[in-house]
Amino acid sequence: MVRRCIGCGCFLYEDIQYQICGECLGFWEALVIKEKFYGLQTKEEVSNNYVNSYNYLISYNKYENNIGKNMLLHIKENNNKFIFEFFSQKLSKKIVEKFSDMSYNTIIINVPRSPLSIIKFGHDQSRELAQRISDILRIKYVNALKYKNKINKTEQKTLNREQRKKASENKYTIDKETIKNVIGARCILLDDISTTGETLSSCARVLSENGALYVDCVTVAKNVM
């Protein structure tokens, strides 16, 4: 059966594992993983709205290339199982490399997708990735975060840095039934894209305020504003 590459749309005549051509696969393989260490922060710094409420941010860099955009759209909009498997394998490998000691109470949590997007596309891509990585690494997945407010019809991608910061404030809350899993845990917080970091910071702050030992963030891509 003739299929098209998820990244560039070229025809694929062979049974390729991830439905990605060699050129697009090479694009992702050649990318340098972007890492930034913010330091192990105290709960007081987090509570006082410190610039970031997480320790590490690891992501592929960058989201500017059309190949990258196409591949990410396949998990955001099309729920493509091949690309989910590709990204979950890549991120799992990087998590193991960076955070080698996951023996003590490590859990993985996703940034929740907006209710409006779930209604529109029928799935939460970050949750799907987190659950797949949980299975690969055999670490506990906890559906700890949820939207605090009702549906917001403003799409995140239309907002500038200041608007994103304001929109992220008090947007998320903890699922009370999951607090016991968060207390004292090392949390790996996963999202598909980081732009300003405001969403990750807001979610990490909620986790820290509810007892997380510390939070490290992992995203598929880092956008540039």
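This briefing walks through helix α4 and the parts of the chain around it. The structure is a predicted model. Its protein chain comes to nine helices and ten strands. Of the 225 residues in the chain, 49% are buried. Among contacts with a separation of 6 or more, 75% join residues 24 or more positions apart.

**How α4 meets α6**

- Let's begin with two helices: α4 covers residues 81-98, and α6 covers residues 125-137.
- Their axes lie 9 Å apart, and the helices pack at an angle of about 55 degrees.
- The crossing of α4 past α6 is right-handed.
- On the α4 side, the residues taking part are Lys81, Phe84, Glu85, Phe87, Ser88, Gln89, Leu91, Ser92, Ile95 and Val96.
- On the α6 side, they meet Gln125, Glu128, Leu129, Arg132, Ile133, Ile136 and Leu137.
- Sorted by class, the residues of this contact are nine nonpolar, four polar and four charged.

**How α3 meets α4**

- Helix α3 (66-76) also packs against α4, with the two axes 8 Å apart and an angle of about 110 degrees.
- Angles from 65 to 115 degrees count as roughly perpendicular, so that is how α3 and α4 are described.
- Met71, Leu72, His74 and Ile75 of α3 make this contact with Ile83, Phe84, Phe86 and Phe87 of α4.
- Here the classes are seven nonpolar, one polar and no charged residues.

**The nonpolar cores**

- The largest nonpolar core has 33 residues.
- Within this core, Ile20, Met71, Ile83, Phe86, Phe87 and Ile108 touch the most other members.
- Two or more residues come from each of α1 (22-30), α3, α4, α6, β9 (186-194) and β10 (214-222).
- Which element gives the most to this core? It is α4, with six residues.
- Take Phe86 as an example to find in the structure: beyond its neighbours within four places in sequence, Phe86 is in contact with Tyr18, Ile20, Leu25, Trp28 and Met71.
- Another core lies apart from the largest one and has 21 residues, including Ala144, Ile179, Ala204 and Leu207.

**The loop between α3 and α4**

- Both Asn79 and Asn80 are found in this loop.
- Is Asn80 buried or exposed? Its relative accessibility is 14%, so Asn80 counts as buried.
- Setting aside neighbours within four places in sequence, Asn80 is in contact with Ile6, Gln19 and His74.
- Asn80 and Gln19 are 61 residues apart along the chain, and their C-alpha atoms are separated by 9.9 Å.
- Asn79 has a relative accessible area of 40%, so this residue is partly exposed.
- Asn79 also has a positive phi of about 55 degrees, although it is not a glycine.

- Arg138 sits in the loop between α6 and β6 (140-141).
- Arg138 has a positive phi too, of about 60 degrees, and it is not a glycine.
- Because its relative accessibility is 78%, Arg138 counts as exposed.

How values were computed: Residues numbered from 1 in each chain as written. Predicted model: local features only at pLDDT ≥ 70, side-chain atom pairs only at ≥ 80, totals over all residues. Heavy atoms only, no water. Axes fitted to C-alpha atoms, helices over the stretch in contact; angles between N-to-C directions. Helix = DSSP H or I, 4+ residues; strand = E, 2+ residues; numbered from the N terminus. Left-handed = near helix turned anticlockwise from the far one by under 90°. Contact = heavy atoms within 4.5 Å. Nonpolar A, V, L, I, M, F, W, Y, C, P; charged D, E, K, R; others polar. Core = buried A, V, L, I, M, F, W, Y, C linked by side-chain atoms within 4.5 Å. Buried < 20%, exposed > 50% of the residue type's maximum accessible area, 1.4 Å probe, protein only. Parallel < 35°, antiparallel > 145°, perpendicular 65-115°, else oblique.
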